[in-house]
Amino acid sequence: MATHLFVTCLVNGFFPAVGEATATLLERAGDDVEVPAAQTCCGQPAFNVGMHEEARAMAAHTLDVLDATAGPIVLPSGSCTDMIVHHYRELFADDPDRLEQVDRVAGRTFELTQYLVDEKGRSDLDASCDGCVATYHPSCHGLRNLGLRSQAEALLDEVDGLERVPLPDAENCCGFGGLFSVEMPEVSAAMMDTKLDNVVASGAELLVGGDVSCLMHLAGGLRRRGSSVRVRHIAEVLADD
Amino acid sequence: MDRDAFLETVRAATQTADLPDAPVADSGGGATVDDLVEAFVERLEATDGIAHRVHAAEVVATVAALAGEYEVDRFLAWADGELPVLGVVSGLIAVGLRPVPAETPRDRQDRLVHHERYRTVRFGVTGADAALAESGSIVLAHGRGRPRMASLIPLVHVAVVAASTVTDSLSAWASGVDVASTANLVIITGPSRTGDIEMQLNLGVHGPKHLHVVVVEDR
Amino acid sequence: MTEVPVAFVERAIRDRAAGKVAAIDRGARRIDAGRRAAAGAYEPMERMRDRARAIRLDALRRLDELLAEFADRVADHGGHVHFASDGREAAGLVLQLARSHDVDRIVKSKSMVTEEIHLNEYLLDAGLEVTETDLGEFIIQLADETPAHIIAPVLHKTRQDIGALFAAELGVPYTDDPTELNDIARRHLREIFLAADLGISGCNLAIAESGSVVLVTNEGNGRLTTTAPRVHVVVMGMERIVGTFADAATILEVLARSATGQRLSVYTNVVTGPRRAGDPDGPSELHVIILDNGRSRTLAGSEAEILACIRCGACLNVCPVYREVGGHAYGFTYSGPVGAVVTPSLQGLDDFGDLPYASTLCGACREVCPVRIDIPKLLLSLRAQSASAGGLPSWVVRGLKVYAAAATRPRRFRRLLRAGGLVGRFLADDGWITKAPSHAGAWTGARDLPQPAVRSFLDRWKEREGGS
């Protein structure tokens, strides 16, 4: 049974390399990878601002696409996984048919590091990153809603040549927050600055995370600062051999 | 607003309230403590109180010595019969201290005159009905012969508590208590404190700056 | 929320520019470190949290019964209970009591609910003398400000601010030594306590079974306020009730740990009726004003869970938004994550529709809440109401409608991504956009924007799989 890759809208539109790296990793872990061609967006942007009708439409589309598959569904995003696994239930609370569909889909939907470590029992993926001094930011939805942090750290610790240094105040939110980042940009940027100060203080030259949403915000902030710290999704780091 | 109308509004609201199911709470209680008195003393001191473990015969001398240490000549106290050992108040009088009357008049003017005395009283002596080992607290039920002000208005509060009344924790103690049997019950955990100014700890902001608990061995 | 800058953000920018926020961040982190140490050292913490949650939710479910029982018991013990549907009515009742008891001077212990109903202004306007006695609230009153934190009102002030304030307002020599400032306040307030006729307190918890009011303070001002004056008036938010003293004990044990990292607060003061026959001291009269002020509307709706809050302030201390903006940005008595739910719930979304959006939904608040309130869920629920009521900026609504229409039609979605790639090529330089037009400019005002992919993942994958 193939593993289905749901790349998320941001990977699809901004960071295709992250999607390809995710596919590479899944293949390296022994899976056949399929990409449902009709996939779009999980609906979180609309859900988070309160536009439930639009969110429901996107969620229903996503459910239909994913329910037509069999086997594990993997996303390179804690936030979108959380949306499917937890919030779809709220969106369709009054729709028993959709709820059954949510149960079918959510039960086999995993975030990438969760899938690799918890489901496949793999933390060593033969990756290497010579001379890399990296720090890991655990994005909030993965961290608090899916219990993810140790999985990514275990994976990074197996990367040859990579030294992982602690990120001070790692669990503090980076300030992205979806549309929050453009609705309240000054507050979002203040939070970003706090996070980036900690990234710089960690001494890392590479910032790794599991959600491209937070990472594009942080990378954009680092670039604006003229910082030399690089930013990569964990899939990209792990896919390098 | 009329009581019935108010409560009817509330009742109607409870009917449509969107409340999540409550967790099934583990039946286990709060913290339990092995050596109660020792734990109480340790916690009291961790909250900046000072413990004196003595036998009944030493209580009067201990309290009198504290009065000497703080150089006070007057004190506000519970009645002798309300303390776990007899003779504390008379003992303080015997060494030359003067008791401040505790009865606050109900009349407005008399009350204000009475309150004048509180300006200078620096030493308060009370009993305590229980002590809580887990938090280092003492429990004072106020009432006849047990003025609330004695543990509140002076700079120094000395409480006398029987070792046999030390119990585990507030939640353990609370289950067996009729709290309505007194108009005022207070659980005291250390001397008055504040961290309001730059979070720097300061003792004695309104209540006592010094809390001494005399634990009388009666077991 | 409107097209123009959001009130929350404007206030946040103002307070950051005024340099108020660094002290709040420092203070909040310190308070939280205390909470973590206390909770970590307390083996039963998790099950006590479950019990506290169960107690609070149960109390809300039968709130009318508990309030009736409480009112009956207060009366049995010789106290008087009043019901007020809003703040105006409650303040009016207090004023009436002050007048009928020939009161000149009023002392108050710290109470968020009296802040909520602006009681001080009301009484001062009526010519009464009202003094806040909690050190922090006293400072706030002297400075004519509002609290910056639920439990630490002057977290935003330095000792130098307070020293200058005392010198100016109390006529004392300037000092910035906290101990000396503390002693100045003690002396000043002691005189006021001893001369006061009426004491006003809030109510941390009310106990239905016994008719008791529980007040928690560390300084002792709560005890003095409820002991020295002839009359004690309690203003109580109607949700502050539990069934039994044992229930209250469980709440108090998690409250102190979560609020200040203490095992118990210094003074847990349990008041059951006025002074009784034979009692040497205490007020001769007790009045309890039970206040609705929007609470029954909240209870009836989908944010009812927020009424389980025990006002510990732990969610403020861990909130990355609160720590960057401080308490005043929230524009009302209650700040931080709990304020972002409570304020629009009680006061309505019309004036406070921006608050539910003042969060990244990071979930740190839910993690520390002693009664496990799912604050992000309540924020999302308020956002849904706000969106339905037309509270979103029109560009957000338009944008998401277009996006949702594309995201439900895969071919259109691909076209949208391709269009994004084209626009990106036009705007980007070296893979980055530094100045985006229109509302994307809000992004690039603060950070660079990565260039959208010229070919989307799906297009590239199709090619890899040998499609066209």
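This is a predicted model: local features need pLDDT of at least 70, side-chain atom pairs count only at pLDDT 80 or more; totals for chains, interfaces and linings use all residues.
**Entry 1: who touches whom.** I started with the chains. Two pairs of chains are in contact, and chains B and C share the most contacts. I then checked chain A against chain B and found no contact joining them. The closest C-alpha atoms of chains A and B lie 13 Å apart.

Entry 2: I looked up the scores for the complex and noted an ipTM of 0.97 and a pTM of 0.96. For chain C, the pLDDT averages 95, and 99% of the residues score at least 70.

**Entry 3: chains B and C.** Back to the pair with the most contacts. I wrote down 91 residues from chain C and 70 residues from chain B in this contact. Which helix gives the most to the side of chain C that touches chain B? I found helix α3 of chain C, residues 45–61, which gives ten residues. Sorting that side of chain C by residue type, I got 40 nonpolar, 26 polar and 25 charged.

**Entry 4: a strand pairing between chains.** I also followed strands from chain B to chain C. Strand β9 of chain B (residues 184–188) pairs with strand β9 of chain C (residues 267–271). I noted the sense as antiparallel, with five bridges. One residue pair I marked here is L185(B), whose bridge partner in β9(C) is V270(C).

**Entry 5: chains A and C.** Next I looked at the other contact, which takes 53 residues from chain A and 52 residues from chain C. Several helices of chain A give two or more residues to the side that touches chain C, among them α2 (16–28), α4 (52–67) and α12 (212–225). α11(A) gives the most, with nine residues. My tally for this side of chain A reads 29 nonpolar, 18 polar and six charged.

**Entry 6: the sheet in chain C.** I traced an open sheet of six strands in chain C, with parallel pairing. The order I wrote down is β1-β10-β7-β4-β2-β3. Why is one side of β1 and of β3 left without a neighbour in the sheet? Both strands, β1 (80–84) and β3 (129–132), stand at the edges with a single partner strand each, so one side of each has no neighbour there. From one strand to the next, the twist averages 20°.

Entry 7: I finished at β3(C), which is joined to strand β2 of chain C (residues 105–108) by four bridges. These two strands run parallel. Across this pairing I picked out I106(C), which stands opposite V130(C) in β3(C).

Key. Residues are numbered from 1 along each chain as its sequence is written. Chains are lettered from A and ligands numbered from 1 in the order in which they are written. pLDDT is the predictor's confidence in each residue, from 0 to 100. Two residues are in contact if their C-beta atoms, placed from the backbone, lie within 7 Å. Ala, Val, Leu, Ile, Met, Phe, Trp, Tyr, Cys and Pro count as nonpolar, Asp, Glu, Lys and Arg as charged, and the others, Gly among them, as polar. Two strands pair if DSSP finds at least two bridges between them. Axes are lines fitted to C-alpha atoms, for helices over the stretch in contact, and angles run from 0 to 180 degrees between N-to-C directions.
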